[in-house]
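Let's take a walk through this protein together, from its overall surface down to single strand pairs. Please have the sequence and the model open as you read.

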Amino acid sequence: MSSAAATTTATVATLSRHCNPIDKPSNPPLFKPLHKPFAFTLTHKNISSRSAKNPLSDVISSFESHPDDQNSIFQSFEPYPVDKNKNFDDKNSFFDDKPREECGVVGIYGDPEAARLCYLALHALQHRGQEGAGIVAAGDGILKSITGVGLVSEVFNQSKLDQLPGDNAIGHVRYSTAGQSMLKNVQPFVAGYRFGRVGVAHNGNLVNYQSLRAELEENGSIFGTSSDTEVVLHLIAISKQRPFFLRIVEACEKLKGAYSMVFITEDKLVAVRDPYGFRPLVMGKRKNGAIVFASETCALDLIEADYVREVNPGEVLIVDEKDGLQSLCLMPHPEPKSCIFEHIYFSLPNSVVFGKSVYESRRKFGEILATESPVECDVVIAVPDSGVVAAIGYANKAGVPFQQGLIRSHYVGRTFIEPSQRIRDFGVKLKLSPVRAVLEGKRVVVVDDSIVRGTTSSKIVRLLKEAGAKEVHMRIASPPIIASCYYGVDTPSPTELISNRMSVEEIRDFIGSDSLAFLEIDSLKRMLAADSPNFCYACFSGDYPVLPSGIVKKVGDFVDDGLNASIDSIDGGWLEGSKDQKEKDLDVNYEEQDGKVTV
């Protein structure tokens with residue numbers, strides 16, 4: 001046996017340990033939380049409009065634990081006063097007042113109609129990204145790629161799918177901010193290297209993207225996009241490992257953050273999930289033996305693939321004709337930290353995500369709200385579509401009828417023409433229509449999945465009262481969002497998050513409801529029971545499992561999507577300064593007593 005072959009065999013043997021998502025790390029966790037945990041309910045004494053529940057003075061990284069994070073501070077911002085009289089009637093605000101999942105991925109190996117099945121699977125994942133789609137197929141030893149801006153049905157047609165022959169394919173749907181150069185950031189990406197070509201589709205966000213890119217550029221790499229996914233291709237290209245999948249392993253060992261990725265070469269398909277398992281990735285199998293990977297099980301259902309299992313956190317799965325399906329463990333990994341918002345909002349109710357039914361999770365969220373935050377009411381309605389299942393759970397538990405009090409239009413795009421005579425709440429009225437027969441003279445409980453900025457919630461409350469509702473009681477099937485996400489979800493900066501600036505009572509007053517209640521985070525964890533430690537709650541607590549380092553790519557690739565202003569105008573994308581500088585800049589005093597933060 002040659003020395004190179006022996007090295008490869010030894011490496012594979014090292015990697016071949018079972019990759020079990022419930023394994024505990026043999027060493028202490030690699031990362032420390034951003035700041036000391038504080039109580040979910042904050043004490044509001046002499047509250048100022050400048051208050052923030054995710055204070056920057058606590059968001060400090062440790063150089064010992066994070067050698068590339070020295071003197072860095074997470075999420076620079078200046079809190080601003082809340083103007084409750086501000087006119088928020090932006091016609092597009094309805095579309096922007098929810099967190100956005102950045103993308104969905106699919107991979108198919110061993111089916112003669114791989115590209116067409118990929119196209120159908122992307123349709124099932126369209127809710128994960130509506131502004132770009134692409135497919136790469138492998139046939140006759142060649143990778144062929146088609147990408148475009150728009151919905152899957154707008155990007156692909158029969159003639160384009162005919163250009164993607166082969167038994168193997170990967171696909172991607174993407175959410176992004178709008179901009180002139182968005183097309184070049186649409187995945188999958190394809191690149192050539194010494195031994196062939198490779199395509200990749202990525203769901204997630206790399207928090208050390210900028211430091212990796214700077215290092216690669218220092219050594220001569222040239223980048224064509226602002227996407228963190230391109231870094232992965234460069235790391236694969238410069239790797240000296242053989243065979244190919246060891247290049248992926250070596251590249252992934254340098255990544256920090258969230259990544260569920262599928263790779264394709266002329267003869268292989270590879271699926272990888274980060275050690276924390278932030279973003280979902282499942283494996284299925286068709287009756288003809290074809291292997292399918294997808295972000296959600298709803299994609300498997302559409303193409304008649306049976307669900308096999310999740311791709312485990314930290315696992316690499318390789319499929320090829322010679323060796324079939326191989327499973328390797330990428331690296332020892334800590335407790336999984338799967339994104340809880342997949343169950344609250346992102347995933348379809350008919351999906352099984354992280355081994356749990358999304359429908360059942362949302363139904364239980366509603367039941368908990370009805371038990372812990374009851375109110376006298378005549379009817380329960382939902383903000384469609386993501387609030388429907390939680391509303392059903394609330395209604396069943398409360399013994400009150402669930403009715404369709406808001407009708408959602410599914411035919412509204414992101415661009416529309418408003419009449420010259422201005423219509424109040426125009427964007428919301430285009431999207432949601434109240435049913436007066438359900439609402440008039442009634443005490444109404446309206447269930448929604450979350451409140452982000454609060455602008456849409458205030459318009460919905462006003463809409464319901466204008467339709468004759470006697471009382472409107474808002475129930476939110478998630479805890480208050482007080483911090484941004486850096487693991488593949490496009491959330492606003494903390495200054496825009498209403499729960500980061502206001503108490504529950506202040507939010508109730510702002511949106512105009514008669515009462516308001518959120519799902520308590522402790523209740524959420526009790527419902528998850530033994531699985532509770534395996535979820536990420538960073539958006540509710542500000543405690544991040546993996547700290548960003550250096551400059552962080554803003555989710556949505558905004559730098560390359562038509563930004564014309566100074567780079568300093570990007571809010572929430574930079575890590576800079578020191579603890580003392582930021583405390584001085586904020587000029588806000590925070591006191592901590594008995595686990596509570598007092599402003």
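**A guided tour of the fold**

The accessible surface of the protein comes to about 24,300 Å², and 50% of this belongs to carbon and sulfur atoms (Shrake-Rupley method, 1.4 Å probe). You are looking at a predicted model, in which local features need pLDDT of at least 70, side-chain atom pairs count only at pLDDT 80 or more, and totals for chains, interfaces and linings use all residues. Residues are numbered from 1 along each chain as its sequence is written, and side-chain values use heavy atoms, leaving out hydrogens and water.

Of the 599 residues, 57% count as buried, meaning under 20% relative accessible area with a 1.4 Å probe, protein chains only. The protein has 20 helices and 27 strands, which are DSSP runs numbered from the N terminus (helices: H or I, at least four residues; strands: E, at least two).

Start with the open sheet, where seven strands follow the order 4-3-5-2-11-10-12 with antiparallel pairing; two strands pair if DSSP finds at least two bridges between them. Strand 4 (142–148) and strand 12 (305–310) stand at the edges with a single partner strand each, so one side of each has no neighbour in the sheet. Within the sheet, strand 2 (residues 103–109) and strand 5 (residues 168–174) run antiparallel and are joined by seven bridges; here Val106 has Gly171 of strand 5 as its bridge partner. Helix 3 (residues 114–124) lies across strands 2, 3, 5 and 10, at about 25° to strand 5 (axes are lines fitted to C-alpha atoms, for helices over the stretch in contact; angles run from 0 to 180 degrees between N-to-C directions).

Next, find helix 6 (residues 209–218), in which Tyr209, Leu212, Arg213 and Leu216 are buried. Seen down the helix axis, the buried residues fall within an arc of 100°, so they line one face of helix 6; the arc is that of the directions from the axis to the C-beta atoms. They pack against strand 7 (196–206) and helix 7 (229–238), where contact means heavy atoms within 4.5 Å. Gly220, with a positive phi near 105°, follows helix 6.

Finally, turn to strand 21 (residues 443–448). Five of its six residues are buried, so strand 21 is largely enclosed by the rest of the structure. Strand 18 (residues 379–382) pairs with strand 21 in the parallel sense over four bridges, with Val379 opposite Val444. Strand 21 also runs parallel to strand 22 (residues 471–476), joined by six bridges, and Asp448 has Ile476 as its bridge partner there.

How values were computed: Buried < 20%, exposed > 50% of the residue type's maximum accessible area, 1.4 Å probe, protein only.
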